[in-house]
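I am opening my notebook on this structure.

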Amino acid sequence: MTRFLMRRLAYTLATLLLVSLVSFIIIQAAPGDFAEIYAAKKADAGAVISAAQIAEVRRELGLDQPWYVQYGTWLANAARGDFGQSWTWRRPVGAVIAERLPLTLAIAFATLVFMYVVSIPIGVYSAVRRYSFGDHAASLIGYLGLAIPNFLLALVLMYLSQRYFGQSVGGLFSPQYSLAPWSWEKLQDLLQHLIVPVIVLGTSGTAFLIRAMRAAVLDELDRMYVLSAKASGLSPMQLLLRYPVRIALVPIASTLGWRLTYVISGAPIVGVVLSLPDMGPLFLNSLLNQDMQLAGALIFLYCALTIIGTFLSDVLLVALDPRIRLE
Amino acid sequence: MSMSTDHPHVIDVSNLSISLKNDNNSIAITRDVSFSIGRGEVLALVGESGSGKSVTALALMQLLGGNLSISSGQIVLTAIDGYSADIAKLGRNGRQIEAIRGARMGMIFQEPMSSFSPVHTIGAQIAEVVTVHEDVGRKEARRRSAELLAKVGIPDPVGALDRYPYEFSGGMRQRAMIARALVCGPSLLIADEPTTALDVTIQGQILDLLSKLKDELGMAILFITHDLGIVAQMADRVAIMYAGSIVETGSVREIFRRPSHPYTRALLEAVPRLGDIDERRRINPIAGSMPNLFEPPSGCRFHPRCPVAVHPRCSLERPPTFGSGGRLVECIHGEAELAR
Ligand SMILES: Nc1ncnc2c1ncn2[C@@H]1O[C@H](COP(=O)(O)OP(=O)(O)OP(=O)(O)O)[C@@H](O)[C@H]1O
Ligand code: SF4
Ligand SMILES: [Mg+2]
């Protein structure tokens, strides 16, 4: 088991390293380096900058070094949370992101919880009551969930919640709470505002998971070990939860990693549509403004989240299925 | 009748019929199956593939699934603790039948590979039976499980509790399965071809183990097999099943020495004996094949294959059952055969 996890950890670290290199390349790909941008800004302000001065700045910033040295420096700094300066925000990239990372994580986490909490019971129900009215209803809603694009769902839900619940959608807090210190009411306000983004981000994943859970449970229901557990005197509920459902969770857990990937990659668009103060709009703006220090850091973070999520799903898989520990 | 006085009956099955319901018709899978097994007695249920042995076994515990159901008959269980109930009346779910399964009746299956959940430890799956039925703590349930694992001959039983089924060989898994079926001290053990999936040496060990445990614990065993060699080794009495009916019942001696039903005789002749092989004599197979249960032959279901059928009677009416107590034959020649 430890060997399996160590190997997975090694893969995870290697992937993170690769992703960091890609992020670095993206940052470098922007036209002009920081020294030139700096010079252009000084020139705008009326100062005259000589080529020698630019070279001096370059040297100071290490921009005259070969790319791998620069990458090493960037990586070492990134590891300490220092992703350089964002020139649109005129602040350290780390600080700009830190303001929005917790909400991004909150949305991703809430969406995952929503998907699993909704889909597992419905999937189990659909399997046990196969071809019942409830099963067909769940399938229908599931297909609709898969078919409707996220942004459309976002707009419709925004309209509905504004029209019928009088809730200010968009953003994560009602105006009166946005600057208030944390309190129970503020948390409730946050949770209410999370409902729409979570539904938007989670619907198609939920629909998919319901199908997967249903199929997995159906696969297990007819197994010999279920009959033999039944012959041991378990009640239908005990039997269902301890065996078919428990074992069906194995394949479901193994897809957690790419469910998370899906949520994370869907998040920016939904964040923009719902104008959430998460990393989504930040990411879009950084690309529009060619703020590559910021964009690169965000790409790295988005990727890192999914990679870490995949690792966590491997850990979960090992916990759920002892056979994997054999490898 | 001698059987019933020697051994108080643990299970009394009478006229058990199981049917398969389709959209609007229902076909009989078994009809009027009757047998009883006493304490410490092994009844072998023998028959060709598809004759209805497994569905009968499942019916005894109300485990029939899908569209199969008990259409008539009684299954009276009289457990060693004095508890008695007609299982046929209990229905498939509910506290009563759940309290019987695993506690007063245990069952082991053909496939030791798949009879355990792959993701739970052996110990958890045995201890669970104890905690489901008895008001004991986890520790006590574990202790009892280890005790049973020791009894079925698993080395390091305490260590084995925390191991997973894939860490066990087929034979060890079948031993563990036996431990699970016996951990609550059932009055009846149903063993549905428990050694068919094992190789011959392991088979012998498992059979010896079952015999030993039976003597030690005093339960009744319904042993399903189509191997007459195993019957001779294991059983006290034999019930021969053909196309959903029990055609002959008797002690092992009676069945092997004086088989009275033409089908039993054909079965015995189909078994290769050591001498047959030496003399290179042809084994005598039973001509023809098992009838299709969807269109069973009229009259005696064996008549298309029967060498001594009396026409047209055998194809018109169901033959009567002759004999009494533990010795029964369902054949028109039954009376004469039994008198021989
Ligand atoms: N779930 C089911 N649904 C429909 N028919 C079934 C079902 N289970 C068994 N049958 C039918 O019932 C008949 C008896 O089957 P059963 O499994 O009892 O045979 P068996 O004597 O145990 O044979 P084997 O030696 O192969 O195990 C067969 O014709 C089989 O096709
Ligand atoms: S009743 Fe007739 S057909 Fe059936 S076994 Fe006896 S002799 Fe043969
Ligand atoms: Mg069978």
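**Entry 1: two helices.** I looked up how H5(A) and H14(A) cross, and the crossing is right-handed. By definition, a crossing is right-handed if the near helix is turned clockwise from the far one by less than a right angle, and left-handed if anticlockwise. H5 covers residues 93–128 of chain A and H14 covers residues 292–320. They pack at about 35 degrees, with axes 11 Å apart. Axes are lines fitted to C-alpha atoms over the stretch in contact, and angles run from 0 to 180 degrees between N-to-C directions. Helices are DSSP runs (H or I, at least four residues), strands likewise (E, at least two), numbered from the N terminus. From H5(A), A:Val96 and A:Leu101 are among the residues that meet H14(A), where the partners include A:Leu298 and A:Leu301. Contact means heavy atoms within 4.5 Å. I sorted this contact by class: 10 nonpolar, one polar and no charged residues.

**Entry 2: ground rules.** I noted that this is a predicted model, where local features need pLDDT of at least 70, side-chain atom pairs need 80 or more, and totals for chains, interfaces and linings use all residues. Residues count from 1 along each chain as written, chains are lettered from A and ligands numbered from 1 in written order, and side-chain values use heavy atoms, without hydrogens and water.

**Entry 3: the interface.** Chain B puts 26 residues in contact with 23 of chain A. The two chains bury about 2,100 Å², 63% of it on carbon and sulfur atoms. Buried area is the accessible area (1.4 Å probe) lost on being put together, summed over both parts. Which side chains form a salt bridge? I found B:Glu128 and A:Arg242, at 2.8 Å, N to O. The rule asks for a Lys or Arg side-chain nitrogen within 4 Å of an Asp or Glu carboxyl oxygen.

**Entry 4: backbone.** The peptide bond from B:His311 to B:Pro312 is cis, with omega near 5 degrees. B:Glu193 has a positive phi of about 45 degrees. Most residues other than glycine have a negative phi, and most peptide bonds are trans.

Notes
Ala, Val, Leu, Ile, Met, Phe, Trp, Tyr, Cys and Pro count as nonpolar, Asp, Glu, Lys and Arg as charged, and the others, Gly among them, as polar.
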